[in-house]
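Visitor: I have a structure to look at, and I'd like to learn how to read it. Could you walk me through it?

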Amino acid sequence: MVTGCAPIFILGLLGVSLGSWFFGTHIAARLTGLILLEGFLLYFALLNWTAQSNQHRSINKGSEAADTGQDSSPAGENDQAPFTDEDRAEWVHFLETEGRILWTGVVFLALVMAALLLKN
């Protein structure tokens, strides 16, 4: 997903600087920075949700193909190492954990923005 925290800090600083430059108030600068961070996290949370949906769909499709004896992989993928059930379970667990972290961040930032708006 994100390699390091640098993109998050850069987005926060960019949002605060743009918010203070455009709007001139401290609360607008904070909200602009938080909105950029919220959009960043929401984008990756939606990507994770899409990956989880595709993973569940491929698991269901794979079990149907196994029942009928068909191979669900395209012709060019036979050269790769097989994706075992243990690998698939680990990947599903990773996606679920990452999704929880991302959605927790999205909800937390939304609550922080609501608190800032209600405070002023």
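Guide: Let's start with a term. A residue is buried under 20% relative accessible area, exposed over 50%, and partly exposed in between, using a 1.4 Å probe and protein chains only. Keep in mind that this is a predicted model, where local features need pLDDT of at least 70, side-chain atom pairs count only at pLDDT 80 or more, and totals for chains, interfaces and linings use all residues. Residues are numbered from 1 along each chain as its sequence is written, and side-chain values use heavy atoms, with hydrogens and water left out.

Visitor: Is G19 buried or exposed?

Guide: G19 counts as buried because its relative accessibility is 0%. Across the protein chain, buried residues make up 25% of the 120 residues.

Visitor: Which helix holds G19?

Guide: Helices (H or I, at least four residues) and strands (E, at least two) are DSSP runs, numbered from the N terminus. G19 sits in helix α1, residues 6-23. The protein chain has 3 helices and 0 strands, in the order α-α-α along the sequence.

Visitor: What does G19 touch?

Guide: A contact means heavy atoms within 4.5 Å. Leaving out residues up to four places away in sequence, G19 touches G24, A28, A29 and T32. Also, G19 and L31 are 12 residues apart in sequence, with their C-alpha atoms 7.6 Å apart. For the protein chain, take the contacts between residues at least 6 apart in sequence: 77% of them join residues at least 24 apart.

Visitor: How do I read a nonpolar core, and which residues have the most contacts inside the largest one?

Guide: A nonpolar core is a set of buried Ala, Val, Leu, Ile, Met, Phe, Trp, Tyr and Cys residues joined through side-chain atoms within 4.5 Å. Here the largest has 13 residues, and L34, L41, L102 and L109 have the most contacts inside it. The elements giving two or more residues to this core are α2 (26-68) and α3 (85-119). Its largest share, 7 residues, comes from α2.

Visitor: And E38, is that residue buried or exposed?

Guide: E38 is in helix α2, and it counts as buried because its relative accessible area is 12%. Not counting residues up to four places away in sequence, E38 touches G105, V106, L109, A110 and M113. E38 and F108 are 70 residues apart in sequence, yet 9.3 Å apart from C-alpha to C-alpha.

Visitor: Which residues make the nonpolar surface patch?

Guide: Patches are made of residues with over 30% relative accessible area and no salt bridge; like charges are joined within 9 Å, and nonpolar side chains (Val, Leu, Ile, Met, Phe, Trp, Tyr) within 5 Å. Areas come from the Shrake-Rupley method with a 1.4 Å probe, and for residues only the protein chains shown count as cover. L42, L46, W49 and W103 make a nonpolar patch of about 380 Å². Helix α2 gives the most to it, with 3 residues. W103 is in helix α3, and it counts as partly exposed because its relative accessibility is 33%.

Visitor: How many salt bridges does the structure hold?

Guide: Side chains of opposite charge can pair when their charged atoms come close. A salt bridge is a side-chain nitrogen of Lys or Arg within 4 Å of a carboxyl oxygen of Asp or Glu. This structure holds 1: D85 pairs with R88, with the closest N and O atoms 4.0 Å apart. D85 and R88 are separated by about one helical turn because they are 3 residues apart in helix α3. D85 is exposed at 63% relative accessibility, whereas R88 is partly exposed at 25%.
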